[in-house]
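Could you walk me through how to read a fold, feature by feature? I would like the general idea each time, and then the case at hand.

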Amino acid sequence: MRETPEETRELQDLLDASLSRSTSHLRSIVSPERTLTAAQLTATLTGMCTLALSTVTATGEPRISGADGHFLHGRWHFGTARTAAKARHLAARPAASAAHMRGESLGVFTHGTAVALNPLDAPASPDWPPLLAYLKDFYGADAFDWSAEVVYYRLDPHWMTVFAAEPAQFEQ
């Protein structure tokens, strides 16, 4: 958990707003009894979480691929090779969706805008140095050429919901 109290409140507001404006069908599945609070979610999503990441091609076709996701400060962070198709898709069309699922027990679903944190053609985000330190600690300082080989993104969510079959198993 690396979230500040303000980031946790913002995440809770997002979770509440997203569920309240969801369809009745989704609310029948992700009910208040079958979801997690922001505090439970940040305590659960530690380390690397595999994401199914969806981007959009130039012709509007969806593409899905896997990515290492790190949930930090109430946002997903993920990377890819600068030459990957998803990097081209996100450079042209930054809308993205991510899903993290743990069998039938947990599902975290997010829609938002991917923001490149270490672009080649612009200054790095102020968020990049602390994320880079975290990533080097996690993967090893020599895992990649961190400036030329990989691009990392923060997924700024406009919608996020969490399904938990047994929320009590995620109690802090």
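What follows is a dialogue on strands, a helix, aromatic pairs and nonpolar cores in this predicted model.

Q: Happy to start with a strand. Which side chains of β1 point to which face, and which are buried?

A: In a regular strand, side chains alternate between the two faces of the sheet. In β1, Cys49, Leu51, Leu53 and Thr55 point to one face and are buried.

Q: Which strands does β1 pair with, and in what sense?

A: To read a pairing, look at the partner, the direction and the bridges. β1 (residues 48-56) runs antiparallel to β2 (residues 62-72), and nine bridges join them. There, threonine 50 stands opposite aspartate 68 of β2. β1 also pairs with β4 (residues 95-102), again in the antiparallel sense, over three bridges. In that pairing, alanine 52 stands opposite alanine 99.

Q: What lies between β1 and β2?

A: The two strands form a hairpin with five residues between them. In the turn, glycine 60 has a positive phi of about 85 degrees.

Q: Let me zoom in on one residue. Why does threonine 55 count as buried?

A: Threonine 55 has a relative accessible area of 3%, so threonine 55 is buried. The side chain of threonine 55 makes a polar contact of 2.8 Å with that of histidine 89. Leaving out residues up to four places away in sequence, threonine 55 touches Glu61, Pro62, Arg63, Lys86, His89, Leu90 and Ala95.

Q: Histidine 89 takes us to a helix. Which residues of α4 are buried, and which are exposed?

A: For a helix, ask where the buried residues sit around the axis. In α4 (residues 85-92), Lys86, Ala87, His89 and Leu90 are buried. They lie on the same side of α4 because they cover an arc of only 160 degrees around the axis. Arg88, Ala91 and Ala92, on the other side of α4, are exposed. The buried residues of the helix pack against β1, β2, β3, β4, β5 (106-116) and β6.

Q: Now for the rings. How many aromatic pairs does the structure hold?

A: The structure holds eight aromatic pairs. One of them, phenylalanine 78 with tyrosine 153, is stacked, at 5.3 Å centre to centre and 25 degrees between the planes. This pair links distant parts of the chain: phenylalanine 78 is in β3 (residues 75-81) and tyrosine 153 is in β6 (residues 150-164), 75 residues apart. Both phenylalanine 78 and tyrosine 153 are buried.

Tryptophan 146 and tyrosine 152 form a tilted pair, 6.1 Å centre to centre with 35 degrees between the planes. Tryptophan 146 counts as buried because its relative accessibility is 6%, and tyrosine 152 counts as buried at 5%.

Q: Which residues do ring pairs link into a cluster?

A: The cluster consists of Trp128, Tyr134, Phe138, Tyr139, Phe144, Trp146 and Tyr152.

Q: And the cores? Which residues touch the most other members of the largest nonpolar core?

A: In soluble globular proteins, nonpolar side chains tend to be buried together. The largest nonpolar core here has 28 residues, and Leu41, Leu45, Trp76, Phe78, Leu106, Val108 and Met160 touch the most other members. Its largest share, six residues, comes from β6. Apart from this core lies another, of ten residues, among them Leu72, Tyr134, Leu135 and Tyr152.

Beyond its neighbours within four places in sequence, tryptophan 76 is in contact with residues including Leu45, Phe71, His100, Val108 and Tyr153.

Q: Could we end on β6? Why does valine 162 count as buried?

A: Valine 162, found in β6, has a relative accessible area of 0%, so valine 162 is buried. Its contacts beyond four places in sequence include Leu15, Val30, Leu41, Leu106 and Val108. For a sense of distance, the C-alpha atoms of valine 162 and leucine 132 are separated by 27 Å, with the two residues 30 apart along the chain.

Methods. Residues numbered from 1 in each chain as written. Predicted model: local features only at pLDDT ≥ 70, side-chain atom pairs only at ≥ 80, totals over all residues. Heavy atoms only, no water. Helix = DSSP H or I, 4+ residues; strand = E, 2+ residues; numbered from the N terminus. Buried < 20%, exposed > 50% of the residue type's maximum accessible area, 1.4 Å probe, protein only. Polar contact = N/O pair within 3.5 Å; in protein donor to acceptor, adjacent residues only side chain to side chain. Contact = heavy atoms within 4.5 Å. Pairing = 2+ DSSP bridges. Phe/Tyr/Trp six-rings, centres within 6.5 Å; stacked < 30°, edge-to-face > 60°. Core = buried A, V, L, I, M, F, W, Y, C linked by side-chain atoms within 4.5 Å. Arc of directions from axis to C-beta.
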